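Let's take a walk through this protein together. Keep the structure open beside you, and look up each stretch as we get to it.

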Amino acid sequence: MKEHKRFIKGIVLLALILCGGLTIISSGGGGSEGGSNSSTTALLSANNINLIFVVSPDLANDPLGDINPTTANLNNQGLQRSLLMGTYLKQQLLGANNVTSIHVLEPMTHLQTVNNYPDMAAIGFIQQFSLLNQITIQGTTANSYPLYAAYAPGDVPAGVTKPNPYIPGAQGLAFNDASGNNVALVTSIINANVPGFHVFSAPWKTINDLLTNIKAAKGYNLNLPTTYMGSNYVYVISIDPSGNASLATFDSNLNPPVTYPVLPPPGVKSASCTQQTYFSYTRTGGVNGVVIPPGTNTNQTVYLIRHAEAHPVSTFEDGNYVGAGQWRALALPNFLPGALRGQSSPNVVYSIDPAQSDISGGLSNSYVRPSLTVLPYAIANNLPYYLVASISILANDTATAQATSNFLFTNTAGVNLSNQTVLLAWEHEHFPPLITYLLKSYGGTVPAPSFPSNFWPETDYDTIWTVTLDTSGNVTVNNAFCEGIESPPAFSSPPQPAPPAIPSSFPVVVFTDVHFNPLSDASGTLFQALDAADASQWAGIFQGSGITTPSAGGTDTNYPLLIGALSSIKQNLGASPLIIFTGDILGHYLAEQYFSQKKITIPTPEDIADMKTFTNKTVTFFMQQVRSSVGNIPVMFALGNADSYWGLGPDNSFLSNTAELYYSQFLNGTVDHETFISTYKSGGYYSAEPAGTNLMVIGLNTFEFSPSFGSDASGAVTAELKWFDSTLTSAQNKGKKVWLLMHVPPGADKYSTAQAADASGHITKPTMMWNQDYQKRFLKIISKYPGLIAQTLTAHTHMDEYRIMSPGNVADTTPGITPYFGNNPAFKVFTFSSDTLKATDYTSLNYDLGTMPVQFNNYYTFSTAYSTQGLLSDSLVQLYPQLPSNITLQNFYKGSYFSGHTYTTPVGNEFYQITNTTWPVYWCGIEHMEEPGLIDCVNFYSYVH
């Protein structure tokens with residue numbers, strides 16, 4: 001293959017999907033650095049002080065896709081994850097123990113986007129867990145636990161009502177701990193030296209800063225997480241009775257559905273509206289002396305609802321709702337449309353600031369339940385969600401009623417809700433003074449409404465009051481609607497949706513040979529900006545470039561093609577628990593292009609150092625783009641020949657400079673750091689065992705097996721093969737299955753060999769990918785472990801092909817993203833059996849250079865194209881003998897080899913289509929890995945077939 005000739009001339013839910021394990025990822029012990037791994041999650045000790053940090057997603061850190069990017073709120077998947085996380089925390093970490101305290105982010109301290117959406121994800125993410133614990137108030141026990149979200153001194157944002165008095169017992173977490181209140185809170189818990197379970201729910205920045213500050217304040221010697229790994233991860237600092245601290249990281253391995261939660265049996269039934277006496281009040285301008293107040297909103301509807309169930313008895317009060325309230329809150333999106341009887345549906349949701357707090361029932365409370373009651377409705381309908389934080393909910397006087405009325409129904413408070421339909425969750429005892437003030441503000445001779453003392457029965461959580469302002473500002477208020485949701489006593493516990501069933505199969509996206517060329521702008525203007533900028537600034541530079549068309553055939557991947565490919569990969573991830581990239585990040589001859597741009601003929605050591613810096617930035621930028629596209633899932637990889645400074649394979653300098661990049665950006669910190677760094681730096685290979693699975697991924701560096709190096713690489717190859725053998729032994733002893741990743745596959749360089757064939761198609765000396773001695777040693781090693789290697793994935797040729805390395809071991813090659821050799825850019829989505837971890841099928845997606853579509857599209861699915869079923873490796877073996885005689889299959893194989901790009905003249909780099917004359921080389925090269933067998937197969941092809 002021409003790619004190989006160039007080098008001759010030149011000289012890695014899964015867990016849930018795979019086995020459903022819940023796993024401790026790492027731990028530090030005894031106040032000193034250390035680590036351990038376990039296949040099960042151990043309950044936290046009730047004898048310790050346990051500080052449990054639950055990281056909530058936010059717009060800045062949402063690798064798992066749990067946040068609606070428009071509303072900055074949890075989406076359906078995020079809500080589902082929160083429900084499952086509650087069960088995980090209770091069952092897997094606390095067990096029969098009850099939580100001691102739950103501190104959550106003060107939402108108004110973290111306003112997101114230009115719309116200033118408060119961060120409700122943190123409080124929503126831990127709500128289910130709070131209800132799985134119990135609290136007793138004045139002799140009544142309920143499934144409920146207070147959430148502490150109150151402001152501490154110095155943390156009250158501008159425009160937010162200052163708590164009066166401050167209630168330290170209900171302190172929440174400020175997003176930016178500018179006043180040091182967060183760390184002071186946690187250190188006070190530690191210093192009290194009372195065993196218990198204290199939970200903290202906040203975004204990654206807040207949690208990361210807090211962990212760092214705790215370590216510094218207490219002098220703990222802990223291995224803190226350096227990379228945000230998503231909201232499946234829970235961090236726990238445990239302090240034993242002797243004062244020794246350890247850090248453990250737990251992976252919940254949750255794989256939530258992306259749909260809105262379906263309540264488990266018995267579900268929720270409808271109920272009749274029987275709670276209140278009907279009323280309706282209207283004020284019309286010019287009638288009975290009524291004058292519409294200045295600034296009154298127009299064309300506005302506000303539905304006022306009470307919080308969900310909170311009082312098993314009238315004296316029970318913890319600021320939260322009880323288990324039955326969660327049933328009602330989750331059911332609201334399904335019931336409200338019918339309850340409104342065809343009236344306009346809300347397009348924005350408001351509630352009170354949950355950080356407001358009081359002291360009642362003997363507890364310090366944050367008043368969280370109104371905001372949590374309508375949070376699911378906002379999530380289910382993707383609606384903007386705001387908090388009214390400038391009004392004290394505790395005050396129940398005329399001034400408060402006036403401020404509330406002005407905020408909601410006029411534009412005099414800086415908010416204009418004209419032309420809006422608002423769903424408002426509020427404290428119901430504030431409704432009469434609010435409505436009374438609103439109607440009295442219209443003046444006239446109409447009597448003010450008179451609400452009886454029992455206007456809203458204690459057991460009524462169902463009634464809806466509606467305020468309507470017409471196009472002129474005339475007002476009507478009534479209580480004609482109700483939610484119609486039944487609340488039977490059986491709902492004393494919150495619903496606990498079961499985790500999704502482990503599927504029988506799962507997808508894995510595989511892509512390779514990107515050969516990203518950041519120097520595609522020949523004018524040099526782009527290069528100058530990139531050379532001077534940090535990798536984090538490159539995206540903006542590329543977006544300002546005049547180059548907007550993806551790469552043409554014969555050229556390497558430019559920015560538009562890279563972004564298009566990653567966008568398509570993101571769209572096709574599905575439930576892929578990891579991504580596989582089998583090598584070659586960098587474009588061809590990147591070093592030469594760099595020196596050409598700088599007009600350097602003979603580079604000095606300083607010039608070479610600058611080139612390496614630029615190359616490192618290219619690698620960093622590429623990895624950042626991949627990470628932003630695929631989210632938090634690990635990217636398992638194999639190194640390619642172009643993953644280097646000179647395009648001749650990774651040397652010691654490249655390995656040393658990029659080790660941390662591959663570890664943090666690709667593997668995402670999911671592999672033991674010390675072990676990875678050791679083997680990666682020594683030879684560019686590694687193994688990874690995704691937590692909670694029976695899978696081992698091995699990434700080899702097979703470019704050093706190339707005959708181009710002669711005997712120079714003998715020592716390094718011997719060390720790698722010895723490591724490979726021992727690693728397979730380890731996998732076998734552990735009961736693991738192995739996925740083997742290699743960039744350069746064994747066997748022949750089919751293209752170079754075919755081009756050297758004579759007019760009859762005969763060959764004398766094939767060009768081989770590997771040194772034949774190394775290949776024999778490699779094949780001997782894998783023959784020792786029959787059935788151990790479940791899948792082998794390779795690359796390098798840029799084409800869609802496969803090779804039968806040995807009986808039971810088939811290497812599938814994924815085509816490249818770059819169209820450098822005339823192939824259509826393409827990647828594959830494999831389907832794996834959850835039971836065997838073997839591939840059963842794949843779909844190839846391509847970018848057709850002939851039509852230049854907007855995105856990659858499905859090209860073919862293997863089982864459909866070749867009419868196969870069962871394991872992919874078996875089907876590939878069975879396909880091989882059919883190709884010579886079945887012309888239909890043969891022609892499809894020839895076309896799919898180039899991922900569907902057909903042409904009659906060579907493209908760019910002297911690459912020709914497969915002809916009848918060269919076909920024997922391409923066919924024989926599927927099965928014959930060694931020279932003699934390949935020569936005989938090719939030269940006798942016409943006699944046999």
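Before we start, one term: a residue is called buried when its relative accessible area is under 20%. Also keep in mind that this is a predicted model.

With that in hand, go to helix H20, residues 772-783. Which of its residues are buried? In H20 they are Gln 772, Tyr 774, Gln 775, Phe 778, Leu 779, Ile 781 and Ile 782.

Next, find a pair of helices. Two packed helices are described by the angle between their axes and the distance between the axes. For H14 (residues 590-597) and H15 (residues 605-630), the angle is about 120° and the axes lie 10 Å apart. That makes H14 oblique to H15, and the crossing is right-handed. From H14, Leu 590, Ala 591, Tyr 594 and Phe 595 make contact with residues of H15, among them Ile 608, Met 611 and Phe 614. Sorted by class, this contact has seven nonpolar, two polar and two charged residues.

Last stop: Asp 251, which sits in strand S10 (residues 245-251). Is Asp 251 buried or exposed? Its relative accessibility is 7%, so Asp 251 counts as buried. Asn 232 is 19 residues away along the chain, yet the C-alpha atoms of Asp 251 and Asn 232 are separated by 5.7 Å.

Methods:
Residues numbered from 1 in each chain as written. Predicted model: local features only at pLDDT ≥ 70, side-chain atom pairs only at ≥ 80, totals over all residues. Heavy atoms only, no water. Axes fitted to C-alpha atoms, helices over the stretch in contact; angles between N-to-C directions. Helix = DSSP H or I, 4+ residues; strand = E, 2+ residues; numbered from the N terminus. Parallel < 35°, antiparallel > 145°, perpendicular 65-115°, else oblique. Left-handed = near helix turned anticlockwise from the far one by under 90°. Contact = heavy atoms within 4.5 Å. Nonpolar A, V, L, I, M, F, W, Y, C, P; charged D, E, K, R; others polar. Expected span 1.5 Å × (residues − 1). Buried < 20%, exposed > 50% of the residue type's maximum accessible area, 1.4 Å probe, protein only.
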